[in-house]
Amino acid sequence: MKNDAHPGPPSGTPQQRIEQWVASVSQRLERLRKIHLPTGFPFDLAPDSLEPLEVFLLGRFREKSVPDASGIALDACAYVGEIILDTIGGEWAWARTKMYGPQPVIGLDPAFAEDRVAALARTYPHVVVKDHVVPMAMIDHACRAGSWGTDLIESHRHLLGMAERHAQKHPGWRPTRRPTPGVDALRDLSPGYEISAVNETGSDIYALHDWLEELETLSEAMEWPHPERDFTPGSLAGVEAELLQDHHRDTPASDDDSFHEYPAYLGEVLLRLAGGRWGWYADPALRSDGTAVIIPDPALGLDAIAPRLVAHHAIRARTGREFTALYDRVREAVQAYRAGHPGWEPVRGEVPERPDWGDNPRLNTWLAEREAAFPAWAEEAGGEEVWDFSAESLDRLEALVREMFSTYKDMIAREDEPFLVGAAWYYGEVQVRLCGAVWQCRPEAEEDLPNDPFLVKGEDADADSDTDTDTDADPDTDTDTDSVEDDEYDEDVEDDEGVCVVSSPPDELRALLRRGEKYRLRDVLSRYSQGLSQTCSRLS
């Protein structure tokens, strides 16, 4: 297990240190691949792999400087450095840096103009320091930025741009590097686009529907089908040729439509051959938010296929036959199955429906828990007989909340306590029973977005409700909830940007102490008859 032992930090003179470093690079890379990186990581030392590498590193060092210059971070430096050497040439060197002390760095090709290198160092000091590229600085910057997959690739693009401009001025120039012993043998050039198990969660289904909407837009924009895009196997060679023309091995494939059209088209061709449906596979080894996959008809016994990764592999391999070769392999499986099942034909499978805001496990579980806990909550709050879901009971609820909490900060600090959670449910249930409101919430909790259950007007709610609210509430002054930035209610509308919210009970309880004595909890009931609402951003 010699290769699994972590090499120690180089020591001695600068020349001895760089010799030790170069000798340890292959060992560091092998340890990184075998022990630390997740299964399925595209260990091909290609620029595209910087994205999942950054995602992996953020899981270790997010929002803080790289803490261990002799451990995983230094192994990652070896990986980043080898990609840079392949792209712009140069050699490993040893230099003392101001922020990171003595470090392995990439000595730039002396052919690069000094003014160009100096300009890059001034503009992007985390990429170039004097006349060196410092991989540790690039990694540290990516971890501090927390951009989840784009920072390292962006840094690489700056270096690539410098090399490309130099090549334009000097047509005979090509990047030349000093080989690192043992590294080439570690490159994994296998396709890596077949996935044995796809277990889609609720958030995966949302991502899948977003992809299908993008696919429809792409199809319309590209006017599929047409003579050169007729979804036949014969069209694949031309599609791959265009892919290779648009994307080079040393240039990371972008995530815009100019790239997505290729995996999208390939996937549609495969679906017409093998049946099945589009799916979604979320794995940090692939990218931060996952990738669309083709799930062939289960009867064929084939693994899922990630067209995006097929396209990446085609860019790296540059044979011009990767799309066709994949199609031929799938066709062999189809023909073998059809030989034993003559009546089989490819059928497009149904995509799981996007979870409903008003009927989803997260909401249903919360409502069931609250209803079960209501008798105990009511007993502790004065007896179940006084909590009859009437408009008058909201006055009792308001008085109890104001009695139990003296400040808004106090309420925020205790917002997860059983009393406030039960009070929010009760406040909402009064609106449900008196005004026909309907509970909704995000099927999947989202960071930095409102996740509490809220209420919308039901389809059968009586707009002319004669519920006696006994209030002189002014809707222009009684709308200060935490989750809504606008101070005025808008007419009930529902569009692509939002869903109409009449009330967010947790928010309204939390904000009760900020509104002053004039505001009454029962004022919410008038919104159903006056057609007042707030807008809450959609999950999708």
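Author: A nonpolar core is a set of buried Ala, Val, Leu, Ile, Met, Phe, Trp, Tyr and Cys residues joined through side-chain atoms within 4.5 Å. Buried means under 20% relative accessible area, with a 1.4 Å probe and protein chains only. The model is predicted: local features need pLDDT of at least 70, side-chain atom pairs pLDDT 80 or more, while totals for chains, interfaces and linings use all residues. Numbering starts from 1 along each chain, and side-chain values use heavy atoms, without hydrogens or water.

Reader: Which residues have the most contacts inside the largest nonpolar core?

Author: Leu 53, Tyr 79 and Leu 159, in a core of 56 residues. Helix H3 (72-88) is among the elements that supply at least two residues. H3 gives the most, twelve. Helices are DSSP runs of H or I, at least four residues; strands are runs of E, at least two.

Reader: What makes H2 oblique to H6?

Author: Their axes, lines fitted to C-alpha atoms over the stretch in contact, cross at roughly 135° and come within 7 Å. Angles run from 0 to 180 degrees between N-to-C directions. Under 35 is roughly parallel, over 145 roughly antiparallel, 65 to 115 roughly perpendicular, and the rest oblique. Therefore H2 is oblique to H6.

Reader: What makes E6 and E7 a strand pair?

Author: Pairing takes at least two DSSP bridges. Five join E6 to strand E7 (residues 291-295), and the two run antiparallel. Tyr 281 stands opposite Thr 291 in E7.

Reader: Why is strand E6 called mostly covered?

Author: Five of its five residues (277-281) are buried. Arg 277, Gly 279 and Tyr 281 point one way, Trp 278 and Trp 280 the other.

Methods: Buried means under 20% relative accessible area, exposed over 50%, partly exposed in between (1.4 Å probe, protein chains only).
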